Amino acid sequence: MASLKELKGRINSVKSTQKITKAKQMVAAAKLRRAQAAAEAARPYAERLSGVMASLAGKVSGDSAPRLLRGTGSDKRHLLVVVNTDKGLCGGLNANIVKAAKVKARALIAEGKEVRFYLVGKKGRAPIKRDYAERIEKWFDTSEVRQPGFEEAEAIADDLIARFEQGEFDVAHLVYPIFKSALAQDPTVEQLIPVPSPEGDTGAAGDAVVEYEPGEEEILEELLPRYVKTQLFASLLEREASEQGASMTAMDNATRNAGDLISKLTIQYNRSRQAAITTELIEIIAGAEAL
């Protein structure tokens, strides 16, 4: 059984940890409001751009379509762009993203495809490296940036497009979390390159007769790289919101667990103290009777 001094030390230690987790929870909650607003503000732009892409893509086909739209004509080589966080203490967020990436990788490998990884963020490196060290193409570090934004998304997109143009891969998939709430961040896998032709409703002007200047192909040549950059930027915003939401929830749980542990240790401490006092009284009484 632990001594009173040891129990008191453990209680003080857990209380110190509880203060830290409580502070981290409050910081994450403050950051979450901004990150959630940024992620939600970017969604309508991405959706509208998809609508324009659908209208344009339906008017071009075959060899006249830009390479980013028509692809290489093969789907043998696949690149998984996995977007993880740079910091930990956010529950199972990164583990779930890595799990989704590995599920996709195993499915592609089972089909006889060649799979490579392009890792964004630090926390996804180690678990993917354990199973697919020889398949990691590149690590794109965002840890030195306080809040990754469009500049980082543009750098990633330019690198990916250059690799695609050089024939290093045929298809790129984007693996990232979508922020739902502080309790739910859903990992998703979407094709990034070649840009998939958007399906479904293209908006109010979907059935209208529209003439484009200078032409659909020229406009697509400009829009397709911007679309890739927008998708990557949106994934970084979703990652930031997901990280803060998951961190807030994880720190809240840690604070509650610390409180429960403090209560248990306090009860144990009081019982041990009472037992020590009782033992001391018995010894005093026994000594007095002996006199």
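Helix 3 and helix 4 pack against each other at an angle of about 25°, and their axes are 10 Å apart. An angle and a distance are the two values used to describe a pair of packed helices. Angles under 35 degrees count as roughly parallel, and helix 3 and helix 4 are therefore roughly parallel to each other. Their crossing is right-handed. On the side of helix 3, the contact is made by V98, K102, A105, R106 and I109. On the side of helix 4, P127, I128, D131 and Y132 take part. By type, the residues of this contact divide into 6 nonpolar and 3 charged, with no polar ones. The model described here is a predicted one.

**The chain as a whole**

The chain has 6 helices and 5 strands. Read from the N terminus, the order of these elements is α-α-β-α-β-α-β-α-β-β-α. Of the 291 residues in the chain, 43% are buried. Contacts can also be sorted by how far apart the two residues are in sequence. Among contacts between residues at least 6 apart, 77% join residues at least 24 apart.

In general, the strands of a sheet pair through backbone hydrogen bonds, in either a parallel or an antiparallel way. Strand 4 (residues 171–179) and strand 5 pair in the antiparallel sense, over 8 bridges. These two strands form a hairpin, with 5 residues between them. Within this pairing, F179 stands opposite Q185 in strand 5, and I178 has D186 of strand 5 as its bridge partner.

**Helices on the sheet**

Which residues of helix 4 are buried? In helix 4 (residues 125–132), these are R125, P127, I128 and Y132. The buried residues of helix 4 pack against strand 1 (77–83), helix 3 (93–110), strand 2 (114–120) and strand 3 (136–140). An α-helix has 3.6 residues a turn, so residues three or four places apart point the same way.

I193 and P194 are joined by a cis peptide bond, with omega at about -10°. P194 is placed in the loop between strand 5 (185–193) and helix 6 (216–290).

R43 lies in helix 1 (residues 4–57), while K229 and T230 are found in helix 6. The table gives the relative accessible area of each residue.

| Residue | Relative accessible area | Class |
|---|---|---|
| R43 | 29% | partly exposed |
| K229 | 15% | buried |
| T230 | 7% | buried |

Buried means under 20% relative accessible area. K229, with 15%, is therefore buried, and T230, at 7%, counts as buried too. R43, with 29%, is partly exposed.

What does R43 touch, when residues up to four places away in sequence are not counted? R43 touches I178, F179 and E238. R43 and E238 are 195 residues apart along the chain, and their C-alpha atoms are separated by 9.7 Å.

K229 is in contact with F150, A153, E154, A157 and D158. T230 is in contact with Y45, A46 and L49.

How values were computed. Residues numbered from 1 in each chain as written. Predicted model: local features only at pLDDT ≥ 70, side-chain atom pairs only at ≥ 80, totals over all residues. Heavy atoms only, no water. Helix = DSSP H or I, 4+ residues; strand = E, 2+ residues; numbered from the N terminus. Buried < 20%, exposed > 50% of the residue type's maximum accessible area, 1.4 Å probe, protein only. Contact = heavy atoms within 4.5 Å. Axes fitted to C-alpha atoms, helices over the stretch in contact; angles between N-to-C directions. Parallel < 35°, antiparallel > 145°, perpendicular 65-115°, else oblique. Left-handed = near helix turned anticlockwise from the far one by under 90°. Nonpolar A, V, L, I, M, F, W, Y, C, P; charged D, E, K, R; others polar. Pairing = 2+ DSSP bridges.
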